[in-house]
Amino acid sequence: MESQVRGGTRWKRFAVVMVPSVAATAAIGVALAQGALAASFSVSGQSFKVTTDQLVGEGFSQYGALDEGYTMDGKKAVHPVAVSSFKTATIKNLCQSVVTPNIPVLGNVSLILRAGQGAKPVEAQNLYIDVADLSADATFENIDIGVAAKDASKGPAMRKGETANPYGFAQQADRAILSDVKQTAWATTAGTFKLSGLKMSLSTGVKECY
């Protein structure tokens with residue numbers, strides 16, 4: 001079975017992001033009532049942007065969760081996210097950017113990281129991406145939509161200690177192929193993350209991957 005998502009941005013976001021994000025929002029009350037921590041670490045006050053030409057993931061799961069962390073002035077913050085997890089993934093032409101605002105004298109400072117631009121893609125195992133917004137063309141192989149999050153076994157297991165309702169909405173697939181990816185995320189974790197051809201640059205002003 002193969003499921004393809006093409007066409008306008010609304011459909012792309014609905015299939016890949018919006019449904020799990022709704023589940024994440026619905027889980028906020030339950031998670032806060034239980035007093036659970038959001039993820040395996042507190043996220044910073046800065047989200048970051050990522051683009052890739054193509055991500056091919058084997059063993060895919062996605063479910064709603066909460067990331068707990070801070071604002072840039074140190075206040076507590078909670079962010080609903082759609083956690084996309086892959087047992088293994090290869091990523092072509094990865095760009096990651098984050099902008100730190102209002103540094104004295106310098107103003108805004110942008111960090112851009114690039115990898116996997118040549119023949120060797122970025123490689124990851126047990127990859128988790130906490131996504132706030134995503135646009136892509138997506139193909140899923142043998143997809144199951146509406147699985148209870150605790151039973152989504154095609155991808156890596158839910159992370160220990162994260163704020164996610166194990167009985168909430170999830171989807172899973174044997175394989176996910178995402179092309180022309182543009183996403184904003186709060187966190188990424190991986191068992192291994194091999195960045196071939198890594199290049200990192202700092203510059204003043206706002207310079208992002210998209």
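**Close-up views of a predicted model**

**View 1. Pairing of strands S5 and S10.** Six bridges link S5 and S10 in an antiparallel arrangement. The model shown in this and the following views is predicted. Within the pair, Ile112 is placed opposite Ser201 of S10. Strand S10 spans residues 199–204 and has six residues, of which zero are buried, so this strand lies largely in the open.

**View 2. Strand S4 and its two partners.** S4 pairs with S5 in the antiparallel sense over eight bridges, and three bridges join S4 to S2, again with antiparallel strands. S4 and S5 form a hairpin, with three residues between the two strands. In the turn, Val105 has a positive phi of about 75°.

**View 3. The largest nonpolar core and a separate core.** The largest nonpolar core comprises 25 residues, and Phe86, Leu127 and Phe140 touch the most other members. At least two residues of this core come from each of strands S2 (48–70), S3 (76–92), S5 (107–115), S6 (122–141) and S8 (169–189). The largest share, nine residues, is supplied by S6. Another core, of 13 residues, lies apart from this one and includes Val43, Val81, Ala152 and Ala170.

**View 4. The largest pocket and its lining.** The largest pocket holds about 250 Å³ of space. Its lining consists of 23 residues, and those closest to the pocket centre are Val50, Leu55, Leu127, Ile129 and Gln183. Helix H1 (9–34) and the strands S2, S3, S4 (94–103), S6 and S8 each contribute at least two lining residues. Strand S2 gives the most, with six residues. By class, 17 residues of the lining are nonpolar and six are polar, while no charged residues are present.

View 5. Gln171 is located in strand S8. Is this residue buried or exposed? Gln171 counts as buried because its relative accessibility is 3%, and the cut-off for burial is under 20%. The side chain of Gln171 makes a polar contact with the side chain of Gln62, at 2.7 Å.

Key
Residues are numbered from 1 along each chain as its sequence is written. This is a predicted model: local features need pLDDT of at least 70, side-chain atom pairs count only at pLDDT 80 or more; totals for chains, interfaces and linings use all residues. Side-chain values use heavy atoms; hydrogens and water are left out. A nonpolar core is a set of buried Ala, Val, Leu, Ile, Met, Phe, Trp, Tyr and Cys residues joined through side-chain atoms within 4.5 Å. Buried means under 20% relative accessible area, exposed over 50%, partly exposed in between (1.4 Å probe, protein chains only). Helices (H or I, at least four residues) and strands (E, at least two) are DSSP runs, numbered from the N terminus. On a 1 Å grid over the protein atoms alone, a cavity is a set of points where a 1.4 Å probe fits but cannot get out, and a pocket is an open set with protein on both sides within 12 Å along at least five of seven lines; lining residues have an atom within 4 Å of a point. Grid points are joined across faces, edges and corners, and a volume is the space filled by probe spheres set on the points. Ala, Val, Leu, Ile, Met, Phe, Trp, Tyr, Cys and Pro count as nonpolar, Asp, Glu, Lys and Arg as charged, and the others, Gly among them, as polar. A polar contact is a pair of N or O atoms within 3.5 Å; within protein, one must be able to donate a hydrogen and the other to accept it, and residues adjacent in sequence count only if both atoms are side-chain atoms. Two strands pair if DSSP finds at least two bridges between them.
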